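Please prepare a careful report on the structure shown below, covering its overall build, its ligand surroundings and some individual residues.

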Amino acid sequence: MPVATSNTRAIKRFVIAGGGTAGWMTAAALARFGPPGTSIALVESEAIGTVGVGEATIPQIHLFNGALGFDEAEFVRETKASFKLGIEFDGWHHEGESYMHAFGAVGRGVGLLPFQHYWLRAKQLGFAKPLMRYSMNELAARTMRMQRGRRAQGAPEMPYAYHFDAGLYAAYLRRFAEARGVVRHEGLIERVTQDGESGAITALALDGYRLVEGDFFIDCTGFRGLLIEQALDTGYEEWTQWLRCDRAMAVPCANGGDFTPYTKAIARKAGWQWRIPLQHRIGNGLVYSTARMNDDEAADTLLANLDGEPFAEPRTIPFTTGIRRKMWHKNCLAVGLSAGFLEPMESTSIHLIQSTISRFLSVLPGAEPDPAIVEWFNAQCEFEWTRIRDFLILHYTANARVGEPFWDEVRTMELPDTLRAKLDQWRATGLIHREHEELFTDVGWFQVLVGQGVEARGYNPLADSLPETDLRALLDGTEAALVEEVRQMPRHLDFLQSMMTSA
Ligand code: FAD
């Protein structure tokens, strides 16, 4: 009697469609961790090219680079990276005001109670200083300083990420992946062939005659979602009622101004502008709503706000915010822009690539995947994306830019229930409820809530158990220690140069 064993549908051949950041990150990870005996092919088309603007990251990038065993100094040199301690948001609450979402701790709690409750109590008592005074990363960032590891005994680590050239990162990953056996096919995917019965993908047809066959396919073809959407018709859930910007215009320019160890996100009339300093240039872009700003106005705004000479004509990139209804469907996984798009405001896209890859590796199917695992996988992705989405919406909705049509609209829009519940709880109690797998910590939420002027009326009464003099000492002592710590750090540029010369 014939029995279907796991070997009959064994997954031995992975095919990655697309060679942008997503494609090469996936290829590198599969090459490093894929089971022995599997082959990995990657197809990309130089004629189509990549989006190539993903330049700012969050500290989780260390997990990915570290897992691949990259040498940090080499990586920094190869990708022309700079360091990033957080993101400065200019004008998101009021024009002329700024705050920072800095990585790492803000203040220190006592016992089980996080710092925010002590700060909120001190604020009611009238002696809390701005959050910056209690954040090592922000104090360092604003004075252009940077360090790695601990300086003083007991001093906290300084979490950091990078700004880097996404094109150079993809090239670096490509060298790594090809050296480990990944086979690259240059060519245009013209057709996706599918099994007549199951609908599973069987091959990619290139340039009319070449077939790249596989058992499992990873769609890294960018916004077009060639496999997950055009072939498998998986569906896309739009989030444009909340994240209303639908176009970006990007332009690199010559270095000038401060070599900031932080990203800048500057609110504009109908969106916002990013500024990302690299070693050889500054990456700039305007994210805007075409309902409120046309391309000419966008180009004028962008070009009028550069630190140096532009290196090219501004390039427009249309997008639709939202998420693929299933990241994993049949024998196809969507990674990168083919999985969906959230605005680059909190630099989460590259992180979402790596988290999708590592989630996939954690349940890597050796044969026909268990439907329950696929369902779990998709639910986890949806949860992760939804909570990031809420965090991004917060930046828009909590604005006080009254009288500006775009900002009036987003301030008064109906919010997702998940975000509304979080805001209600914060306002009433100073608590930030964060579910286990959410990317952004309560410290991140705390900084953005305070920075965007969302007032908490209450705080946890446990904070009252600290006598007022001790509360003052807690805040003043924390601030003094951090100021001293930061004072001894090298300047960002010096730090970078010393790493480069040691490479
Ligand atoms: P793409 O770069 O579009 O690559 C698609 C690949 O598919 C290409 O190799 C292309 O050749 C190939 N392809 C497509 N169709 C075919 C075909 N028919 N045949 C053969 N090959 C094909 N992320 C961050 O983490 N930080 C940021 O600061 C950041 N900023 C961003 C700003 C903007 C405006 C945008 C749009 C994105 C930003 N991102 C950012 C996201 C980041 O750029 C992407 O997540 C990342 O580059 C991954 O892109 P990708 O590889 O999925 O797609």
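**Basis of the description**

This is a predicted model, in which local features need pLDDT of at least 70 and side-chain atom pairs count only at pLDDT 80 or more, while totals for chains, interfaces and linings use all residues. Residues are numbered from 1 along each chain as its sequence is written.

**Overall build**

The protein contains 15 helices and 21 strands, where helices (H or I, at least four residues) and strands (E, at least two) are DSSP runs numbered from the N terminus. Its radius of gyration is 24 Å, close to the 23 Å that the globule rule gives for 503 residues, so the protein is as compact as a globular protein of that length; the radius is taken over C-alpha atoms, and the rule is 2.2 Å times the number of residues to the power 0.38. Along the principal axes, the C-alpha atoms fill a box of roughly 80 × 55 × 50 Å.

Of the 503 residues, 47% are buried; a residue is called buried if 20 or more other C-beta atoms lie within 10 Å of its own, exposed if 12 or fewer, and partly exposed in between, with C-beta atoms placed from the backbone. Two residues are in contact if their C-beta atoms, placed from the backbone, lie within 7 Å. Among contacts between residues at least 6 apart in sequence, 76% join residues at least 24 apart.

**The nonpolar core**

In soluble globular proteins, nonpolar side chains tend to be buried together. The largest nonpolar core here has 145 residues, of which Ala 17 and Ala 27 touch the most other members; such a core is a set of buried Ala, Val, Leu, Ile, Met, Phe, Trp, Tyr and Cys residues joined through C-beta atoms within 7 Å. Helix 10 (residues 371–397) gives the most to this core, with nine residues. Leaving aside neighbours within four places in sequence, Ala 27 is in contact with Ile 16, Ile 40, Leu 42, Leu 173, Ala 177 and Val 182.

**Domains and ligand**

The protein is divided into three parts, namely domain 1 (8–55 + 165–238 + 321–369), domain 2 (102–157 + 387–493) and domain 3 (247–318), with bounds that come from an automatic or database domain assignment. The C-alpha centres of domain 2 and domain 3 lie 27 Å apart, and eight residues of domain 2 are in contact with nine residues of domain 3. On the side of domain 2 that touches domain 3, helix 11 (405–411) and helix 15 (492–502) are the elements that give two or more residues.

Which domains give residues to the shell around the ligand? Domain 1 and domain 3 both do, so the ligand lies between them. Of the 39 residues around the ligand, Gly 18, Gly 20, Gly 54, Gly 222 and Gly 336 come nearest, a residue being near if its C-beta atom, placed from the backbone, lies within 6 Å. The largest share of the shell, three residues, comes from helix 1, and the shell divides into 18 nonpolar, 18 polar and three charged residues. In this count Ala, Val, Leu, Ile, Met, Phe, Trp, Tyr, Cys and Pro are nonpolar, Asp, Glu, Lys and Arg are charged, and the others, Gly among them, are polar.

**Helix 13**

Nine of the 10 residues of helix 13 (residues 442–451) are buried, so this helix is largely enclosed by the rest of the structure. Its buried residues pack against strand 4 (86–90), strand 5 (98–102), helix 4 (115–125), helix 10 and helix 12 (417–429). Just after helix 13, Gly 453 takes a positive phi of about 75°.

Most residues other than glycine have a negative phi, and most peptide bonds are trans.

| Residue | Other C-beta atoms within 10 Å | Class |
|---|---|---|
| Lys 80 | 15 | partly exposed |
| Lys 330 | 21 | buried |
| Phe 259 | 17 | partly exposed |

Lys 80 lies in the loop between helix 3 (72–78) and strand 3 (82–84), Lys 330 in the loop between strand 19 (328–329) and strand 20 (332–334), and Phe 259 in the loop between strand 13 and strand 14 (263–268). The C-alpha atoms of Phe 259 and Ser 82 are separated by 8.7 Å, although these residues are 177 apart along the chain. Beyond its neighbours within four places in sequence, Phe 259 is in contact with Ser 82, Met 144, Pro 277, His 492 and Leu 493.
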